Amino acid sequence: MTDVVCGAGPLGTAVAFDLHRLGRSVRVVSRTGRASVPDEVEVVTADLSDSVQSSRVFAGAATVYHCVSPPYAQWATLVEPLMRGIIDGAVAAGADVVYGDNMYCYGPVDGPLTEGLPYRPNGRGATARAAAAEQLLRADRDGRLRATIARASDFYGPRVRQSIVGARVFRAVLAGRAAPVVPGLDAPHSYTYIHDFAAALVTLGTRAEIASGQVWHVPSAEAMPTREFLALAYQQTGHPPRFRSLPKPVISIGGYFSGSLRALGERLYQTERPFVVDHTKYQEAFSAAPTPMKQAIAQTLAWYRQNSTRS
């Protein structure tokens with residue numbers, strides 16, 4: 001049997017490497033047919049919103065890891081069709097599904113984010129993600145397949161470029177320039193290291209007898225203000241911390257013309273108020289702890305040093 005990884009972005013790539021290290025047969029599905037994975041990993045092309053194509057590329061699969069995440073501005077139109085296609089393909093193959101999700105479905109909350117929170121998404125894109133997650137859990141409840149959802153906060157690490165702590169931030173840190181940040185540097189915030197996210201997906205996929213039918217928050221290091229998170233990164237480069245924040249009026253007005261700015265405005269509650277993820281459930285079930293923050297930042301900086309010219 002084969003494990004199929006949907007998506008060749010940072011999460012899908014990390015999951016593929018972890019599965020390969022376990023000696024499993026791995027197939028990666030990407031829109032382009034390209035992926036930076038070991039030579040032994042099969043790479044195929046498909047439009048996963050098309051049930052016929054997903055059924056073809058999922059043939060022989062034991063577990064499907066859904067790691068596809070379109071750009072923020074396209075969530076409202078792409079997320080639900082992708083989930084439908086992936087569910088249909090997995091049902092046809094008789095495969096389990098493990099979905100790498102985020103925290104947008106909960107909307108603004110008071111207190112830590114736990115798995116039992118109701119869905120109160122803010123904005124069309126977040127609403128679509130909440131609906132897609134419910135699609136998957138409903139398919140599990142209906143007995144069509146076994147499904148598990150793993151949720152992480154904003155992630156960072158090797159290959160993570162499109163994140164509020166992605167390429168623009170870490171390259172600025174390495175160069176000693178002012179890091180571009182979103183408003184809200186001083187509220188506690190959980191950041192998830194990409195390899196912790198990938199490891200959790202693999203654990204959930206290989207422990208379906210425990211994990212299926214449930215939502216799990218993956219391990220993240222202790223929440224801290226973004227100012228402190230970035231100060232740790234600058235400290236490791238020897239540069240003094242410097243920040244450059246996009247003014248809120250620019251975000252607000254720009255949202256009328258830019259899907260990316262509109263999405264940023266819809267998620268400002270995550271940075272301007274405490275956004276602390278509780279992963280107690282996962283930690284108690286699987287005895288897993290997150291990578292220490294300083295170590296994860298060091299590994300991220302090392303990757304960017306080695307890939308300084310890549311987009």
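**View 1. The buried side of helix α1.** Leu-11, Gly-12, Thr-13, Ala-14, Val-15, Ala-16, Asp-18 and Leu-19 are the buried residues of α1 (buried: under 20% relative accessible area; exposed: over 50%; partly exposed: in between; 1.4 Å probe, protein chains only). The cover over these residues includes β1, β2, β4, β5 and α6. Helices (H or I, at least four residues) and strands (E, at least two) are DSSP runs, numbered from the N terminus. The model is predicted: local features need pLDDT of at least 70, side-chain atom pairs count only at pLDDT 80 or more, and totals for chains, interfaces and linings use all residues. Residues are numbered from 1 along each chain as its sequence is written, and side-chain values use heavy atoms, without hydrogens and water.

**View 2. Arg-144 and Asp-88 form a salt bridge.** Such a bridge puts a side-chain nitrogen of Lys or Arg within 4 Å of a carboxyl oxygen of Asp or Glu. Here the closest N and O atoms are 3.4 Å apart. Arg-144 sits in the loop between α4 and β6, Asp-88 in helix α3, 56 residues apart. Arg-144 is partly exposed at 41%. Asp-88 is partly exposed too, at 29%.

**View 3. Arg-146 and Asp-96 form a salt bridge.** Their closest N and O atoms are 3.0 Å apart. Arg-146 is in the loop between α4 and β6 and Asp-96 in strand β5, so the pair ties together parts 50 residues apart in sequence. Arg-146 is partly exposed, at 40% relative accessibility. Asp-96 is buried, at 13%.

**View 4. Asp-154 meets Arg-267 in a salt bridge.** The N to O distance is 3.1 Å. Asp-154 belongs to strand β7, and Arg-267 to the loop between α10 and α11, 113 residues apart. Asp-154 is buried at 8%, and Arg-267 is buried at 1%.

Note on methods
Contact = heavy atoms within 4.5 Å.
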